[in-house]
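Trainee: I'm new to this one and would like a close look at a single part of it. Could you take chain B and walk me through how it is put together?

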Amino acid sequence: MKAAVIRFPGSNCDQDCVLALREFGVETDYVWHKETSVAGYDLLVLPGGFSYGDYLRCGAIARFSPIMKAVKEAAAAGTLVLGTCNGFQILCEAGLLPGALIRNRSLHFVCQHQHVRVEDVANPFLHTARTGTLLKLPIAHGEGCYVADPATLRELNHSGRILLRYTDANGAATDAANPNGSTEHIAGIVNAGRNVFGLMPHPERACDARLGSVDGRTVFESILTTLGVLQAA
Amino acid sequence: MSAEPAITPALIAKHGLTPEEYARIQSILKRDPNFTELGIFSVMWSEHCSYKNSKNELRKFPTTGPTVLVKAGEENAGVIDIGDGWGIAFKMESHNHPSAVEPFQGAATGVGGIIRDIFTMGARPVFSLNSLRFGPITGEGANVKTNRRLFAGVVSGIAHYGNCIGIPTIGGEIYFDESYDGNPLVNVFNLGILKHEQIARGAARGIGNPVFYVGAETGRDGLAGAAFASRELTEESKQDRPAVQVGDPFKEKLLLEACLELLATDAVAGIQDMGAAGLTCSTCETASRGGTGVEIDLAKVPKRETGMTPYEIMLSESQERMLIIVKKGHEQTVVDIFEKWDLPYAEVGVVKDDGMMRVLNNGVEVAEIPARQLADEAPLYSREAKAKPAPADLDLAKLPETDNRAALLTLLAHPSIASKNWVYRQYDHTVRAGTMVLPGSDSAVFLVREANKILAATSDCNALYCAIDPRQGARIAIAEAARNLACSGAVPLAVTDNLNFGNPHKPENFWQLRESVEGLAEGCRAFDTPVTGGNVSLYNESPAAAIDPTPTVGMVGIIEDERHVTSSHFKTAGDAILLVGGLGDELGASHFLKAVHGLKLGPVPALDFAHERAVHDAVRALIKSRLVKSAHDCSEGGLAVALAESCLSDPAQQFGATVEITAAGLRLDQLLFNETQGRIVLSTNPTHVAAVLMLLELRGIPACKLGVVGGNLVKITANGEALAWSLTELHHAWHDSIARAMQA
């Protein structure tokens, strides 16, 4: 299999994502946002960062990058797409995921290790976990407060498309444990086709035991098992 | 275009040049300078660029050693060998004056500037630290409100720039003291990694090579910022706001990637960032280093404003710009890469053989100055030094006994000692996936994946000590930095320093500078850590008075094995708590005296480098033998604060502790809060206690078992008197103190 990490001007987690995938033995390329094709890739990663400086609205300009037409077509054809942090924001702006990410309720950027609870495992991104599994993942964002209209939220809940919620260390989704004021503590969602996953936490920063958490491996191991690269445990 | 102003004594004085300096300019040029040339000399001969008041002192630093690849002063930053063909470039720099008048942009562009210094060397920047000083943020009054505004603005500015560019800010220090009222210190540190053969040089080599300007367009922002930074802050300093630059971290991220991509090709003969003094500094310094001349035409410089005069273009400090000397024939490589990254670029000049910095405007010469004399032959001064008398020493007999239980809570809640989580939560400290020890431990520890090397870094300076005894304060700053690295399992490699002082024309300030430099130099020799570069910031005076002397030390070390990485907080209930280095008894210049009694009195604690080094070596040896689970040095607030921090500082879990200490003849406050140097609190598996004590005894280092980790209370029985605190009240005092102050 081959993975592509899309590089927008201002992406800053692109190198971390490439390194994490390569450490899993996955052949991974950087793909510059001015490219127009993602043919031949089984996984597309939209990394975190500040695409175009996030000067207008997070992800609002990146959605117009030439590569995004190819990403949309690949997503429609079923290719797995993973967007972390700014990548999640771009997926929402591009209409590949519903809702939007707005300024943290605290108005402050927040960086910390955060517990999230796996809400649904019937998808290519978390199927190696169990429903209710707690993952400890780094977050680092100023605009991670997920919002959507009531109909969208109902639909996401009913169809099991909310994949991660923020919780405390005991798995309780309390307001105190919600780092950005996200609606219903939402940390990550998947599209109706269950092949486009956006999340605010950074799984690529939690793949190496030396950094204190390997919980991010769950996401990559699920993807690689889905693609037949890893044997299911 | 209006005619240039005539050169008058008033105009010369306005440019910060003395009559003697002006005469020197006349003798270099063999004529009178024009207005543009006067501006060029004024910024190049400012303290900020020329170090004219400090250079004679800086020569006292040890700058050589077996690991030094690029020496201090040779280039934008020094480079140190870390083995296997890898090197690190690192440096600390101040943005004090800009941050005083415009905290957000002042701090942001400080971060941008230091990062540019690092990637100019060909290194990929991998992490940042910062060392900050503000006036008090607790209490009432206009000063306190101003200090809060400055503190919040500086932190947001650092977060804005560092987070966007994707370089983690993983540590540092923050102090609050009246002496920084209205004159905050913002010292920023960055470290980058590179292969030895990637070291880039800031020299204009190769006669006929084209000179490229790349990066952001030039505007009128930051006009003569270097000159602004080289005078005292006054009530009128707000009018200097135009001297503060505006930063664009997005543009710098593009510039960083484009420059590293370009440096990986064979196209570059020399590269220099445009920081202080902008285009002026980069052209004359590259020519001076190359022993060549550089000719540029300002008409070709990308500009974002119309009608800029040559004077303005040459003195602009617009951010995110670089000057690149390209090997002739490789121009297209530059064009391709900067087109890819959508960055402005222009061929603005050529390397010449005449040693001149020649500036044209549309072909018409507007300045011609011998480059070497402009860049390297600024006048040097050894100012008059006069010892500042220290206040009378503390008379312990006259110090009233206080409630020691309350004193610990007061110390833990003091913003200088309290948890800095309100700050580092705003910094992305995990990007680049290498942060092994989170902020808040004795040093930051970072895994550099490219090189598979583990680095530790710390910044330290206790200005309370320096105010009373600048030499001893500086010696202790180095010792504490080395101790912090030892606690993390690291061997110190090298030092960068940021010397923050008042106006050097005042003899007491110059004396403080000289004493501090000599103290730092002694320390660097004692720990075999050469100085690889740094920054001098003088004229740190608010309308009230000069700041306390603050020679900030940034020290970098290496950890050989990931299993040696050690953090400061307790790990397991039941572990034994040990104290290495003895109980101590020196209460002079302590944070206890200041925070609890409102006294800034000496004497500053004694320091014995040989003993200090023996303690560090012993703790490192214990760590390597896997006998240490946590290590934390005793610094501000003494043993009691060190114990409380060891209990509280793991964000994931907290521990109580039960400790007993006895020292005949000592007062309780003296026992709990003294700041005797060379002391480290360890925790270890209880089965290892005997071995650890024996190994320390063999090395002749005093040590004792203090007690045990566990429970919901911190209980200290000192000279038979029992004190106890709940973890909840300690956490409340320590963890949320800064957030409470900022919400007030």
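Mentor: Let's begin with a term: the domain bounds used here come from an automatic or database domain assignment. Keep in mind, too, that this is a predicted model.

For chain B, that assignment gives domain 1 (1-55 + 200-378), domain 2 (64-97 + 119-193 + 419-562) and domain 3 (386-412 + 566-744). Take domains 1 and 2 of chain B: their C-alpha centres lie 27 Å apart. Where they touch, 27 residues of domain 1 of chain B are in contact with 25 residues of domain 2 of chain B. On the domain 1 side, the elements that give two or more residues are α10 (249-263) and β8 (268-273) of chain B. The most comes from α10(B), with 8 residues. By class, the domain 1 side of this contact has 12 nonpolar, 7 polar and 8 charged residues.

Now for a sheet in chain B. It is an open one of 6 strands, in the order β14-β15-β16-β19-β17-β18, and the pairing is mixed. At the edges stand β14 (435-437) and β18 (531-537) of chain B; each has a single partner strand, so one side of each is left without a neighbour in the sheet. Going from one strand to the next, the twist averages 25 degrees.

Look at one pair in chain B: strand β17 (residues 491-500) and strand β19 (residues 550-559) run antiparallel, joined by 9 bridges.

Helix α18 (residues 470-487) of chain B lies across β16 (453-460), β17 and β19 of chain B, and runs at about 25 degrees to β19(B). Helix α19 (residues 507-526) of chain B lies across β17, β18 and β19 of chain B, running at about 175 degrees to β17(B).

Let's finish with a pair of helices. Two packed helices are described by the angle between their axes and the distance between the axes. For helix α15 (residues 404-413) and helix α25 (residues 727-735) of chain B, the axes come within 7 Å and cross at roughly 35 degrees. The crossing of α15(B) past α25(B) is right-handed. From α15(B), L409(B), L412(B) and A413(B) meet E729(B), L730(B), A733(B) and W734(B) in α25(B). That contact has 6 nonpolar residues, no polar ones and 1 charged residue.

Terms used. Residues numbered from 1 in each chain as written. Chains lettered and ligands numbered in written order. Predicted model: local features only at pLDDT ≥ 70, side-chain atom pairs only at ≥ 80, totals over all residues. Axes fitted to C-alpha atoms, helices over the stretch in contact; angles between N-to-C directions. Helix = DSSP H or I, 4+ residues; strand = E, 2+ residues; numbered from the N terminus. Left-handed = near helix turned anticlockwise from the far one by under 90°. Contact = placed C-beta atoms within 7 Å. Nonpolar A, V, L, I, M, F, W, Y, C, P; charged D, E, K, R; others polar. Pairing = 2+ DSSP bridges.
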